[in-house]
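Biologist: I have a model open on my screen and would like to learn how to read it. Could you take me through a few features, one at a time?

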Amino acid sequence: MDSYKKNAFTYSTIVAMGGFIFGLDAALISGTIKFITIEFSLNELELGSVVGAPAMGVLLALLFMGYACNTLGRKTTLMIAAAFYLISAICSSLAPSYWTLISARFLGGLAFSSISLASMYIGEIAPPKWRGKLVSMTQINIVFGLSAAYFINYFILGLANSNANWVATLGINEYTWRWMLATEIIFALLWFVLLFFIPRSPAWLLYKGRTQEAEQILLKVTVQEKISEKIGQMKASLEKGNQDHTIITQLKEIFSKPMRITMIIAMTIAIAQQATGINAIVFYAPTVFEQLGIGTDAAFAQAIYIGLTSIVFTVLGLLLVDRIGRRPMILWGMAWIVLSLGVCFYGFKMADYTITEQAITEMKDIPNSENLSALVGIPYESDIAFKNALIESIGETEARNHSGLLLQKAANINAILILLGILSFIAAFHFSVGPIMWVLFSEIFPISLRGIAIPFFTLITSFVSYLVQKFFPWQLATMGISSTLLFYAIVVSIGLVILYIYLKETKNMTIEEVQLALATRRKK
């Protein structure tokens with residue numbers, strides 16, 4: 001391999017590591033939910049605020065990311081993001097209160113915007129033939145981070161349940177959730193240190209008028225004969241972008257009549273991608289699996305399958321997107337998502353819950369468990385009816401704190417069918433709208449609007465993600481798991497219909513050809 005290719009691969013790998021930490025940060029919280037709920041006596045909306053705090057952070061960060069990238073540079077902004085991850089991980093693991101934990105996780109959310117920044121940096125230093133593969137490393141690293149988080153949570157939970165003396169000495173059994181969150185410190189610190197070794201973006205150096213430095217950086221990642229051509233292309237792009245084109249003017253253009261079809265496509269997929277409920281499953285994985293009545297330990301183990309499925313189908317989707325095309329993968333993928341959610345809805349809807357005398361005997365460690373005797377032999381046709389009966393019998397706090405065990409003892413449910421439905425949903429998302437939304441965003445906007453359009457619609461999808469994370473515990477407590485999944489399926493179905501009408505295939509098209517195709521579509 002040529003030295004410039006090795007350098008491009010090395011720099012891209014370091015920057016893409018931010019995707020791994022993003023996935024780790026996103027999924028580690030799933031293992032802590034039961035513990036922090038008990039320690040801080042959280043209700044459903046408070047729990048949703050803890051889980052959704054990073055999504056609020058990224059909303060704020062997206063407003064300032066463009067300014068930071070242009071003023072401080074890509075490298076410096078990435079290092080700031082890594083520092084945010086590190087400080088957030090330290091403060092989250094040591095948080096003494098509910099509000100401290102929210103603040104620490106909000107700070108980590110400021111670093112989430114590094115995902116789009118990583119793609120920008122890699123795109124600016126990667127050789128053209130390698131650009132697609134190197135940029136996709138960030139998405140692949142995200143799912144590796146998710147998978148690693150589930151393994152870490154399961155491993156630490158196993159240690160906490162062991163009787164080893166060294167486990168007690170380290171306080172793993174007493175501070176289980178803090179150890180889970182603390183594992184991020186290692187990776188955030190490593191990323192922060194490695195970022196010192198990447199060069200500044202040549203595009204940013206040229207933007208700052210530092211042409212000679214830009215040429216020196218390009219010598220490391222580009223064939224020498226191509227440097228002059230590359231410099232010329234970047235200068236032409238900068239000159240075009242330096243025209244008087246304010247943010248307000250560009251936003252008005254995005255929502256103008258000529259751009260209406262593009263706006264409908266982008267808005268629909270930005271909402272539908274997160275309205276699938278993907279982050280309800282990812283951020284609350286053990287909680288979702290507890291609804292199957294398999295117990296807390298088994299729920300942590302099953303969550304590992306989410307990570308593995310995510311890896312396999314993300315890689316598969318990225319390998320096939322240029323062969324199959326964007327439109328069929330998105331439309332069939334969304335149909336697959338709706339079908340998978342439908343299977344889960346059916347499985348949960350057909351479940352019933354009944355407490356037995358033997359179950360009460362086995363749950364004698366639960367405070368006020370003797371009050372459950374009034375429920376013996378009564379079949380409850382939904383998880384909501386069963387949970388409400390539990391609250392009346394033993395109180396809201398005990399019912400919530402011991403929900404996993406209570407569901408395990410009472411549920412009569414087709415757990416295999418629902419497990420397959422959940423994994424099918426995960427596969428469908430990561431094969432289609434998960435990664436391909438970003439591919440589509442990079443193609444449907446004119447170059448002159450892309451710098452504003454992509455962050456704007458990223459803001460939309462991030463806000464929907466926040467709503468999903470914030471309200472999922474409340475939905476679970478008030479609507480029940482089956483109705484919640486049905487709600488997601490209905491929203492995705494609406495998005496599917498809209499995209500079926502308006503979405504145009506963009507495979508193998510230049511940006512100009514995409515715009516022409518959408519213009520033709522508008523005339524029709």
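Predicted model: local features only at pLDDT ≥ 70, side-chain atom pairs only at ≥ 80, totals over all residues.

Biologist: Where does S41 sit?

Modeller: Look at the loop that links α2 (33-39) to α3 (44-72); S41 is there. Its backbone is worth a glance as well: phi of S41 is near 50°, a positive value in a residue that is not glycine.

Biologist: Which residues does S41 touch, leaving out those up to four places away in sequence?

Modeller: S41 touches I36 and E46.

Biologist: Now a helix, please. How many residues does α9 have, and what does it reach from its first C-alpha to its last?

Modeller: Helix α9 covers residues 176-194, which is 19 residues, and reaches 29 Å, close to the 27 Å expected at 1.5 Å a residue.

Biologist: Which residues of α9 are buried?

Modeller: First, the general idea: an α-helix has 3.6 residues a turn, so residues three or four places apart point the same way. In α9, the buried residues are T176, W177, R178, M180, L181, T183, E184, A188 and W191.

Biologist: An arginine is on that list. What is R178 in contact with, beyond its neighbours within four places in sequence?

Modeller: R178 lies in helix α9, and we call a residue buried under 20% relative accessible area. At 14%, R178 is therefore buried. Its contacts are E39, F40, S92, S93, L94, A95 and P96.

Biologist: How do I read the packing of two helices? At what angle do α4 and α9 pack?

Modeller: Compare the directions of the two axes; an angle over 145 degrees counts as roughly antiparallel. Helix α4 (residues 74-94) packs with α9 at about 160°, and the axes are 8 Å apart. The two are therefore roughly antiparallel to each other, and their crossing is left-handed. Among the residues that meet are L78, Y85, L86 and S93 in α4 and W177, R178, L181 and F192 in α9. By class, this contact divides into 18 nonpolar, 2 polar and 2 charged residues.

Biologist: And at what angle do α1 and α9 pack?

Modeller: Helix α1 (residues 3-28) meets α9 at about 170°, with axes 10 Å apart. This pair is therefore roughly antiparallel too, and α1 passes α9 in a left-handed crossing. The contact includes I14, F20, I21 and L28 from α1, and M180, F187, L190 and L194 from α9. It has 14 nonpolar, 2 polar and 2 charged residues.

Biologist: Zooming out, how many helices and strands does the protein chain have?

Modeller: The chain has 27 helices and 2 strands. Of its 524 residues, 54% count as buried. For contacts between residues at least 6 apart in sequence, 81% join residues at least 24 apart.

Conventions:
Residues numbered from 1 in each chain as written. Heavy atoms only, no water. Helix = DSSP H or I, 4+ residues; strand = E, 2+ residues; numbered from the N terminus. Expected span 1.5 Å × (residues − 1). Buried < 20%, exposed > 50% of the residue type's maximum accessible area, 1.4 Å probe, protein only. Axes fitted to C-alpha atoms, helices over the stretch in contact; angles between N-to-C directions. Parallel < 35°, antiparallel > 145°, perpendicular 65-115°, else oblique. Left-handed = near helix turned anticlockwise from the far one by under 90°. Contact = heavy atoms within 4.5 Å. Nonpolar A, V, L, I, M, F, W, Y, C, P; charged D, E, K, R; others polar.
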